[in-house]
Amino acid sequence: MKKHKFITGTIALSAALFMAGCGSEEGSADEQSLSEELEHTVTGIEPGAGLTGLSKNALEDYDNLKGWELEESSTASMLTALDDAIGKEEPIIITGWTPHWMFSAYDLKFLEDPQGSLGGPENIQTIARHGLKEDMPEAYKILDAFNWELDDLQSVMYEAQDTAFEEAAQNWIDENLDKVDEWTEGAEPVDGEKIELASTPWDSERASANVLKLVLESQGYDVKVTDVDPAVMFEAIATGGADASIAPWLPVTHGAFYEKHEDAILDLGENLTGAQNGITVPAYMDIDSIEDLEPKE
Ligand code: PBE
């Protein structure tokens, strides 16, 4: 990230100031004032995100989060608030996840979550509508074979910070033809067949959808990608309104939508492992666990 150097410097300085200021005061007094400083508010993202549902559960699950609020808005405004807070060396608590460039742009940490409200390691999974295998066997083969590593997805996502997702996706494909060949192996090209992919509007899924779109296009498909809320995405696959998706986060993030539509969708398994959600703070904040926060009195 272009900002990286500047921010690292700021964090080092703020960490030093913070520690100098903290001295040997009692932890609980500090935490009380920290929670007050945060106005007992977690800065969240879109209401429709799976992560928003999990974060609401966390507010219920932890007794010490009594009176706390989740401020729902958008990923863009959460990131603006995060950048602001870090620029001013102020505390902030957000709903975060990886893969996302926020973890490379800033020095952040997930708070420990002993209740497991935010889940553990997540997979990104491929789902398709019933009948796709029979109707579009060549596309089905590619979807079924599609899988990559965290590093692959991140390299597309990071490059797309400075360039269009489509260009970043094409560059990744050009550098990873071996991997792409594995996905398309044994699949016959088609002549302009239409396929509709449902996706979600976060950068990790913009990256994966753009890569798959280009790969399917290179095989002769006419590809349409629609970004929708996770609930709508599952609904679209279940009702046949879209053909497939490589965007579901499971088992926990979109677990409720998956369970609702389980019988009406085909599960083609994971396409990426090692995703993770978490209540997240800048590394300079002197707390490690959700349980370090204090209830609103
Ligand atoms: N996320 C990123 C999404 C899925 C991808 C974790 C913010 C969510 O539904 O919560």
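Helices (DSSP runs of H or I, at least four residues) and strands (E runs, at least two residues) are numbered from the N terminus. The structure described with these elements is a predicted model, in which local features need pLDDT of at least 70, side-chain atom pairs count only at pLDDT 80 or more, and totals for chains, interfaces and linings use all residues. Residues are numbered from 1 along each chain as its sequence is written, and side-chain values use heavy atoms, with hydrogens and water left out.

## The loop at P91

P91 is located in the loop between α4 (75-87) and β3. Its contacts, meaning heavy atoms within 4.5 Å, are with L34, E37, L38, A85 and M285, when residues up to four places away in sequence are not counted. From C-alpha to C-alpha, P91 lies 9.3 Å from S35, although 56 residues separate the two in sequence.

## Backbone features

Most residues other than glycine have a negative phi, and most peptide bonds are trans. E39 is not a glycine, yet has a positive phi of about 55 degrees. E39 sits in the loop that runs between α2 (27-37) and β1 (41-43).

T98 and P99 are joined by a cis peptide bond with omega of about 10 degrees. P99 belongs to the loop between β3 (94-98) and α5 (102-105). Another cis peptide bond, with omega of about 15 degrees, links L250 to P251, and P251 lies in the loop between β9 (249-250) and α13 (255-261).

## Surroundings of the ligand

With a cut-off of 4 Å between a heavy atom of the residue and the molecule, the residues around the ligand are I45, A49, G50, L51, W97, W202, E205, P230, W249, T253, H254 and N277.

Polar contacts here are pairs of N or O atoms within 3.5 Å. A ligand oxygen lies 2.8 Å from a polar backbone atom of G50, and a ligand oxygen is also 2.8 Å from a polar backbone atom of L51. For H254, an N or O atom of the side chain is 2.7 Å from an oxygen atom of the ligand. On its own the ligand has 280 Å² of accessible area, and the protein covers 100% of that (Shrake-Rupley method, 1.4 Å probe).

## Packing of α7 and α10

Helix α7 (residues 137-145) packs against helix α10 (residues 177-184) at an angle of about 130 degrees, and their axes are 7 Å apart. Axes are lines fitted to C-alpha atoms over the stretch in contact, and angles run from 0 to 180 degrees between N-to-C directions. The two helices are therefore oblique to each other, a term for angles that are not under 35 degrees (roughly parallel), over 145 (roughly antiparallel) or 65 to 115 (roughly perpendicular).

K141, I142 and A145 of α7 meet E182, W183 and T184 of α10.

Key:
Polar contact = N/O pair within 3.5 Å; in protein donor to acceptor, adjacent residues only side chain to side chain.
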